[in-house]
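With the structure open in your viewer, please follow this tour from the whole chain down to individual side-chain pairs.

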Amino acid sequence: MNITLPTPASPFNIGTRGSPLALAQAHETRARLMAAFDLPQDAFAIVVIKVMGDAIQDRALKDIGGKGLFTREIEDALLDGSIDIAVHSMKDMPVEQPSGLLLDTYLPREDVRDAFVSLTARGLDDLEHGATVGTSSLRRRSQLLVRRPDLNVVEFRGNVQTRLMKLGNGVAEATFLAMAGLNRLNMTDVPRTAIAPEEMLPAIAQGAIGIERRADDSRAAAMLEAIHHGPTGQRLAAERSFLAHLDGSCQTPIGGLADLDGGTLRLRGEILRTDGSQVLADDMIGAIADGADMGREMAVKLLEKAGPGFFDHM
């Protein structure tokens, strides 16, 4: 297929949020497209779009609209043609896209693990009884309370820099960040300890970058095909199917992780009560091609075990 490649006079517009991590992800996308098509940097324009989720820092996501708060304005820009593609952190993405948009391109996945971040403690077990820990994630909150019901868990939002400042100001003794974000920002000076998935199962699609486009844009489709990472797509097909069939949102504590080994896929998933009083988990192995079916099957099994009102406990 012959496509018209972008030029400095007519650049390819890449939409993104304005946080340092979002910009790093947009820059990685641009670099991969430059390499794939041997194009100069100024054949691409990074377009920063303000989203509501970044503007509201004092309330929990579940109270102000959930994951769509980080995508709505960017997707509006895609639909009206202001940008050609949008770069997202996949763990922030709803499982359904607006009509006319497709999310089917993924870059190679980074470290999926959560990071324990503290200026005084090396790990969760080092925290004193009743210590204050900050997180905006219902999943992390619930996982924390399963292991340490004595902790005082407070709302803690903002980018990496903001959260570190809050730690320095004594708002909390520890918080959690994604290892992927710290790695992409090259923040080697942040005091962190990686947490194995066996101890804290990560968020669905954590560590993955997704690229969204208009469904009828054949040029964008052809360009993105050159940088799509198939194995990441296979893992996310299973994880996001699990999330979709749980009706996952920022109001439901859910963890999940798919791993590949040769021709097989291992999917781990869990759902938790929001007060940390119960966790239900499953672990399945099957063919990679069956990943989406495995995600659906696991979701059905866990929901049957949970029964009605499982997520209602506070």
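What follows moves from the overall fold to selected salt bridges.

Begin with the whole chain in cartoon view, keeping in mind that this is a predicted model. If you colour by accessibility, 53% of the 314 residues are buried.

Next, select the charged side chains, of which 33 are positive and 43 negative, with the centres of the two sets 3 Å apart. Among these side chains the structure holds 20 salt bridges.

Now select Glu239 and Arg109, whose closest N and O atoms are 2.8 Å apart in a salt bridge. The pair links distant parts of the chain, since Glu239 belongs to helix α9 (residues 230-245) while Arg109 sits in the loop between β4 (101-106) and β5 (114-117), 130 residues apart. Glu239 counts as buried because its relative accessibility is 0%, and Arg109, at 13%, also counts as buried.

Move on to Asp114 and Arg139, another salt bridge, with 2.9 Å between the closest N and O atoms. Asp114 lies in strand β5 and Arg139 in helix α5 (residues 138-147), so this pair ties together parts that are 25 residues apart in sequence. Both Asp114 and Arg139 are buried.

Finally, select Glu198, Arg235, Asp259 and Arg268 together, which salt bridges with shared partners join into one network.

Notes. Residues numbered from 1 in each chain as written. Predicted model: local features only at pLDDT ≥ 70, side-chain atom pairs only at ≥ 80, totals over all residues. Heavy atoms only, no water. Buried < 20%, exposed > 50% of the residue type's maximum accessible area, 1.4 Å probe, protein only. Lys, Arg positive; Asp, Glu negative; His and termini not counted. Charge placed at Lys NZ, Arg CZ, Asp CG, Glu CD. Salt bridge = Lys/Arg side-chain N within 4 Å of Asp/Glu carboxyl O. Helix = DSSP H or I, 4+ residues; strand = E, 2+ residues; numbered from the N terminus.
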